[in-house]
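Subject: Handover of a structure and its findings

Dear colleague,

Please find below the sequence and structure that I am handing over to you. A description of what was found follows it.

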Amino acid sequence: MALGWKLVIDAADPHRQAAFWAEALGYDVEDNSALIERLRGLGAVGDELVTTVDGRPAWRDLAAARHPEDPFDPGSGTGLGRRLLFQRVPEAKTSKNRLHVDVHSGPGRREAETARLESLGASVLREVDEPGGRWTVMADPEGNEFCVS
């Protein structure tokens with residue numbers, strides 16, 4: 001039996017990262033406000049665990065982006081399929097990623113996609129042109145490397 005999974009990424013600002021990657025990939029930022037309000041009503045969640053994002057309550061230290069066509073739990077807003085979860089950590093990124101996302105832009109679209117991602121806050125680190133292919137190495141707003149082919 002295949003296992004479900006999500007990619008969890010450490011972040012200084014999980015909400016900014018979720019917003020960037022949702023826009024970059026055409027994903028939806030998860031809305032956990034119904035769950036948060038329900039838990040607040042029961043007294044199970046205090047204000048120290050919650051913030052406000054786009055006028056809605058959100059987890060202070062967690063934010064996620066999910067594929068818009070995958071199932072999700074309507075009671076919690078949590079994605080049940082392809083999903084990136086960003087969790088706040090106190091320390092800054094200090095070295096090269098050991099894991100990265102490859103964004104496939106499609107034939108003849110790499111330059112346009114690179115420019116679009118730059119407009120969202122990414123930066124170009126280098127262009128790679130090797131016998132195995134061409135791609136652009138970029139960094140997201142927190143400096144995590146990813147590739148656009």
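Helices, of at least four residues, and strands, of at least two, are DSSP runs numbered from the N terminus. On that basis, the elements of the protein chain follow the order β-α-β-α-β-β-β-β-β-α-β-β-β from the N terminus on, with three helices and ten strands in the chain. Please note that this is a predicted model.

Overall dimensions and contacts

The C-alpha trace of the protein chain spans about 60 × 35 × 30 Å along its principal axes. The chain has 149 residues, and buried residues make up 39% of them. Among the contacts in the chain with a separation of 6 or more, 59% are accounted for by residues 24 or more positions apart.

Strands of a sheet pair through backbone hydrogen bonds, in either a parallel or an antiparallel manner. In this structure, four strands form an open sheet with mixed pairing, in the order β7-β10-β9-β8. The edges are taken by β7 (101-103) and β8 (123-130); each has a single partner strand, so one side of each is left without a neighbour in the sheet. From one strand to the next, the twist averages 25°.

The pairing of β8 with β9 (residues 133-139) is antiparallel and runs over seven bridges. Within this pair, Asp129 stands opposite Arg134 in β9. Helix α3 (residues 110-119) packs on the sheet, where it touches β8, β9 and β10 (145-148). The direction of helix α3 makes about 0° with that of β9.

Ser76 is located in the loop between β5 (62-66) and β6 (83-88). Is this residue, Ser76, buried or exposed? Buried means under 20% relative accessible area; Ser76 has a relative accessibility of 10% and therefore counts as buried. The side chain of Ser76 is joined to that of Thr78 by a polar contact of 3.1 Å. If neighbours within four places in sequence are left aside, Ser76 is in contact with Asp31, Asn32 and Leu35.

The largest pocket

The largest pocket holds about 550 Å³ of space. Its lining consists of 23 residues, and those nearest the centre of the pocket are Ile9, Asp10, Lys93, Asn97 and Asn144. Strand β1 (residues 7-11) provides the largest share of this lining, namely five residues.

Yours sincerely

Notes. Residues numbered from 1 in each chain as written. Predicted model: local features only at pLDDT ≥ 70, side-chain atom pairs only at ≥ 80, totals over all residues. Heavy atoms only, no water. Buried < 20%, exposed > 50% of the residue type's maximum accessible area, 1.4 Å probe, protein only. Polar contact = N/O pair within 3.5 Å; in protein donor to acceptor, adjacent residues only side chain to side chain. Contact = heavy atoms within 4.5 Å. Pairing = 2+ DSSP bridges. Axes fitted to C-alpha atoms, helices over the stretch in contact; angles between N-to-C directions. 1 Å grid on protein atoms, 1.4 Å probe; cavity = no way out; pocket = protein on both sides within 12 Å on 5 of 7 lines; lining within 4 Å. Points joined across faces, edges and corners; volume = space filled by probe spheres on them.
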